[in-house]
Amino acid sequence: MTKDLALRPPATPLVVNDPYMSVWSLADRLTDDDTRHWTGQPHPICGLLRIDGQTWRFIGASLDYIGLDVPAMRQTALTVLPTRTIYQFEAGGLALTLTFMTAALPHNLELLSRPVTTIEMDLRSLDGRAHRAALYIDVLGHWAVDNPAQKVVWGRHRLDDQDLLWMGSLEQPLLAKSGDDLRIDWGYLYFVSMQSARGALADNSTLRSQFADAGSLPNRDDTEMPRTIDSRPPHPAMAWSYDAGNVEAASWQVILAYDDGFSVEYMRRRLRPFWRRDGMTAADLISATRRQFSHIRAACRAYDEELMADLRAVGGEKYAGLAALVFRQCLGAHKLVADLDGTPLYFSKENFSNGCMGTVDVSYPSSPFFLLLNPDLLEAMLTPILDYAASARWRFPFAPHDIGRYPLANGQVYGGGEESEWRQMPVEECGNMLIMTAALCKARSDFSYAEKYWKTLTAWAEYLLEKGLDPENQLCTDDFAGHLAHNVNLSVKALVAIAGYAWLCRGLGQPERAAEIREQVERMVADWLRMADDGDHYRLTFDRPGTWSQKYNLVWDRLLALELFPPALRAAEIAFYKGKQGRYGLPLDKRNTYTKLDWTVWSASLAESQDDFEEFITPLFDWLNESESRVPLTDWFDTDSGAQVGMQARSVVGGVYIKMLYNSAIHEKWLRRRESFA
């Protein structure tokens, strides 16, 4: 990004791999606060640099609480790219470039599924002189437990003639509970140096004090375990120190990896992470990371450069900054696992909304990200829902809302679950599933996936033909707004979904059925235009004149090339929205000043001109830089104050990528990208 558009993220992604391994900085400077799990709980990392006998801090909050006066290095820059976060620091005649890299490459399922982040520390002299330098980094036991009362154990192994440090909970309650505000408490955290370095296992006070005072680590590991994390120091920790010597330049890398063994339970089957599907172990994972590091780093750099260039070309500099920030958040709210036959399954988690898993109306807003960067991941999201809906357990004529509560995917838990229609989202979820299936088939130019589930998809299309034009009093994906009857935007979704089904009929060799359905839905659209018309815009509900709402579902009419609604409708809505913007964006509808990040970008994408699109993006960019809600991106915030209303760290932010689907050449280029990795 150009210097004048430097982005101050509300929260900065550091180690973001999946819903449990997700650690962020929630401060302007990396030394202003401890690093934290996406839930806000401390998951501390501490980084120290000793220069010519003086110790400086570059990761983590002040160490005054353990009696250490270690000043912070001056942070001079921060850049967030799709796969990397890069900090720049200066102190004592040296510059430090600190890079957190997660090889979250969507086209490469092997790399994407690896729960690995590397931290690279590059030193460079600022004054042309050599300086005596040593680096230190530690992680605390908080990473391996859900709460501080739990006990941890630790140790070291030899791997490839180097030490490997590990830590995990004592009890190892594998997949023992489900919920939202939880952290992992089974499996093991691994901490490894890429170069020859000293490692130590002790409490953080001892480790940090000895390095700060003498530039060294204890000669013996602390073996007094198990030990609770506790809420106050000292805390169990793993640390590495690297003596760079008297240098003008030096580089050091460490690896953080988390092996959960089994990641989710799906219909009572415990499933392993995708990277373990062929018997790979934690030792294999770390060895592969070491061996392939140069290749992986080059691939991430090239990927970031190419994607950022395309984002700028399509949406402008501010849009590119927003899209870079949401990249790892979108992926990190999912877990990629292998079914018993090796089939990839991709499960989302509803972070800070209710903890549901595989939620259909969470997949829907995130789907543009995957349609652009790897539709195979969208299939891996849809398959568990379609298989569940086709089973005897799901007895309703409409699509499910979810498949469980993370990490237990044993059947819907939201609303009435499998028992009743209470708080179900029938029109919403049927529309979502049909639109996503049609979009998947269009991206692949292949209808075989729809054919596999044709009976189920047909039942949902027939449901929408009966119920979709003028929906009854029910929830939509914006369930926080409550039930709403005669929802105009929900009706748009239903009509687009029906037209998408007609398109699928034609693709599957059913031209007569396709023509019949298309004729029906065109009559419904004519009724919609008449009932929703409110002069210079279209209403929130059919029965309430003088109301309005974002018609974000209209984007699929163009993206699926359905030509269902007149272009003048989109133009009228965009013109109307311009007069409704708040300081930080376009409200969701007339009822409140709050909005949704994903839907705002979808609505902006209805604009025909780039200037109009950027008119809606600029307030969002201002919000990123100015919001006082320091959390991994919330998708639900107030457009006047910029404050978070609720929800954070969710995958729905992947919806920002919908603008990229409008550029067919760029979309086609990314669709062709596939890569194996040996």
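**Helix pairs and cores: a short tour**

Hi everyone, let's start with a pair of helices: α14 passes α15 in a left-handed crossing. Before going on, please keep in mind that this is a predicted model.

So who is in this pair? Helix α14 covers residues 597-604 and helix α15 covers residues 610-626. Their axes come within 8 Å and cross at roughly 160 degrees. Angles over 145 degrees count as roughly antiparallel, and that makes α14 roughly antiparallel to α15. If you look at the side facing α15, you will find Leu 597, Thr 600, Val 601 and Ala 604 of α14. They meet Phe 613, Phe 616, Ile 617, Leu 620 and Trp 623 in α15. Sorted by class, that contact holds eight nonpolar residues, one polar and no charged ones.

Next, let's go to α9, which has two partners to show you.

Helix α6 spans residues 375-390 and helix α9 spans residues 454-467, and their axes come within 10 Å. How many degrees do they cross at? Roughly 80 degrees, which makes α6 roughly perpendicular to α9. From α6, the residues Leu 386, Ala 389 and Ala 390 meet Thr 456, Leu 457 and Trp 460 of α9. Here the count is five nonpolar, one polar and no charged residues.

The other partner is helix α10, residues 488-507. It packs with α9 at an angle of about 140 degrees, the axes being 10 Å apart, and that makes α9 oblique to α10. This crossing of α9 past α10 is left-handed. On the α9 side, the contact is made by Trp 454, Leu 457, Thr 458, Ala 461, Leu 464 and Leu 465. Facing them on α10 are Ala 494, Ala 497, Ile 498, Tyr 501, Leu 504 and Cys 505. Between α9 and α10 we have eleven nonpolar, one polar and no charged residues.

Now for the cores. In soluble globular proteins, nonpolar side chains tend to be buried together. In this model, the largest nonpolar core has 224 residues. Which residues have the most contacts inside it? They are Trp 528, Trp 556 and Tyr 657.

Let's zoom in on Trp 556. Leaving aside residues up to four places away in sequence, Trp 556 touches, among others, Tyr 364, Pro 368, Leu 371, Ile 435, Val 496, Trp 602 and Ile 658. There is also a second, separate core of 17 residues, including Cys 46, Leu 48, Ala 200 and Ala 212.

Definitions and conventions: Residues are numbered from 1 along each chain as its sequence is written. This is a predicted model: local features need pLDDT of at least 70, side-chain atom pairs count only at pLDDT 80 or more; totals for chains, interfaces and linings use all residues. Side-chain values use heavy atoms; hydrogens and water are left out. Axes are lines fitted to C-alpha atoms, for helices over the stretch in contact, and angles run from 0 to 180 degrees between N-to-C directions. Helices (H or I, at least four residues) and strands (E, at least two) are DSSP runs, numbered from the N terminus. Angles under 35 degrees count as roughly parallel, over 145 as roughly antiparallel, 65 to 115 as roughly perpendicular and the rest as oblique. A crossing is left-handed if the near helix is turned anticlockwise from the far one by less than a right angle, and right-handed if clockwise. Contact means heavy atoms within 4.5 Å. Ala, Val, Leu, Ile, Met, Phe, Trp, Tyr, Cys and Pro count as nonpolar, Asp, Glu, Lys and Arg as charged, and the others, Gly among them, as polar. A nonpolar core is a set of buried Ala, Val, Leu, Ile, Met, Phe, Trp, Tyr and Cys residues joined through side-chain atoms within 4.5 Å. Buried means under 20% relative accessible area, exposed over 50%, partly exposed in between (1.4 Å probe, protein chains only).
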